[in-house]
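Hello,

Here is the structure I promised to pass on to you. Please have a look at it first, and then read my notes below.

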Amino acid sequence: MQTGQESDDDAGPRIWGGTTLTERREARRAALLEAALDLIGESGAAGVTMRAVCRRANLTDRYFYESFASRDELLDLLYRQVADEFLEPMTAFAATDNPSRDHALSEVLVDKVLADPRKSRLFLVEPYSSTGLGQTTIAVMPVFTRLMQDHLFAHIENPVRRRLAAVTMASGNAGMFSAWLNGSLRATREEIIDHCAETIAAYRSLYRS
């Protein structure tokens, strides 16, 4: 039963079917983002088009443009959301320059990669393809390298060397995870965890002297 019109006004949000216009917009936006993730999981970011996303979300073009100006804007937002999800556990475990936490940090990171293959493919594999994510990746990745240089490698006094260690490790791990996810690198979860922990230890010792 209609109890209002699809608009908000100064008197407060109108109700339609038990939800406000803002709530319905947010639900449609979430459905479009989820549909895009599904398409990425199936065929990569190249499979994400406006029409494909709308079909998967069972929404019309009108509702796509209600939330996003373009397909690239949707991918940019989705990539940044996924990056934040990866950054959160890394921030929690990299809070101190503590070698005893290296294995725990590596385990959390690997399990995050395995938790949702769609998100991991977007974050770690798709930037290597021609999907329009290059500039977004360039804008986002410094947050991760700063985390490494300010915490994991805080003991390195020379700022240039500290940044060299962080950037090299971040790019190397991104390439490693990409190869692991696309199947060109065959390794078990435990082997990847051990490798990540040993890599951190190697970089910790690189500029000790």
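**A residue in the core**

Let me start with V53, which touches L32, A35, A36, L39, V48, F64 and L74, leaving aside residues up to four places away in sequence; contact here means heavy atoms within 4.5 Å. Before going on, please note that this is a predicted model, in which local features need pLDDT of at least 70, side-chain atom pairs count only at pLDDT 80 or more, and totals for chains, interfaces and linings use all residues. Residues are numbered from 1 along each chain as its sequence is written, and side-chain values use heavy atoms, with hydrogens and water left out.

V53 belongs to the largest nonpolar core, which has 52 residues; V53, L74, F153 and F177 touch the most other members. Two or more residues of this core come from each of helix 1, helix 2 (50-57), helix 4 (71-93), helix 5, helix 6, helix 7, helix 8 and helix 9. Helix 4 gives the largest share, 9 residues. A nonpolar core is a set of buried Ala, Val, Leu, Ile, Met, Phe, Trp, Tyr and Cys residues joined through side-chain atoms within 4.5 Å. In soluble globular proteins, nonpolar side chains tend to be buried together.

**The overall picture**

The protein has 9 helices and 4 strands, and from the N terminus on the elements run β-β-β-β-α-α-α-α-α-α-α-α-α. Helices (H or I, at least four residues) and strands (E, at least two) are DSSP runs, numbered from the N terminus.

Of the 209 residues in the protein, 40% are buried. Buried means under 20% relative accessible area, exposed over 50%, and partly exposed in between (1.4 Å probe, protein chains only). The accessible surface comes to about 11200 Å², and 53% of it belongs to carbon and sulfur atoms; these areas come from the Shrake-Rupley method with a 1.4 Å probe, and for residues only the protein chains shown count as cover. Among contacts in the protein with a separation of 6 or more, 61% are between residues 24 or more positions apart.

**Helix 8 and its surroundings**

Helix 8 covers residues 159-181, and its 23 residues should span 33 Å at 1.5 Å a residue, which agrees with the 33 Å between its end C-alpha atoms. The expected span is 1.5 Å times one less than the number of residues. At the start of helix 8, a side-chain oxygen of N158 comes to within 2.9 Å of the backbone nitrogen of V160. After helix 8 comes G183, with a positive phi near 90°.

The buried residues of helix 8 include R162, A166, M169, F177 and W180. Their cover includes helix 5 (102-115), helix 6 (117-125), helix 7 and helix 9 (189-206).

In helix 7 (residues 134-152) you will find Q149, which counts as buried at 14% relative accessibility. Its side chain makes a polar contact of 3.1 Å with that of R163.

**Salt bridges**

How many salt bridges does a search of the whole structure find? The search finds 15, each being a side-chain nitrogen of Lys or Arg within 4 Å of a carboxyl oxygen of Asp or Glu.

One of them joins the side chains of E66 and R28 (2.9 Å, N to O). E66 lies in helix 3 (residues 61-67) and R28 in helix 1 (residues 21-43), so the pair ties together parts that are 38 residues apart in sequence. E66 is partly exposed at 32% relative accessibility, whereas R28 is buried at 11%.

Another joins R118 and D38 (2.7 Å, N to O). This pair links distant parts of the chain, with R118 in helix 6 and D38 in helix 1, 80 residues apart. R118 is buried at 17% relative accessibility, and D38 is partly exposed at 26%.

Helix 3 also holds S67, which is buried, with a relative accessible area of 13%.

Best wishes

How values were computed:
Polar contact = N/O pair within 3.5 Å; in protein donor to acceptor, adjacent residues only side chain to side chain.
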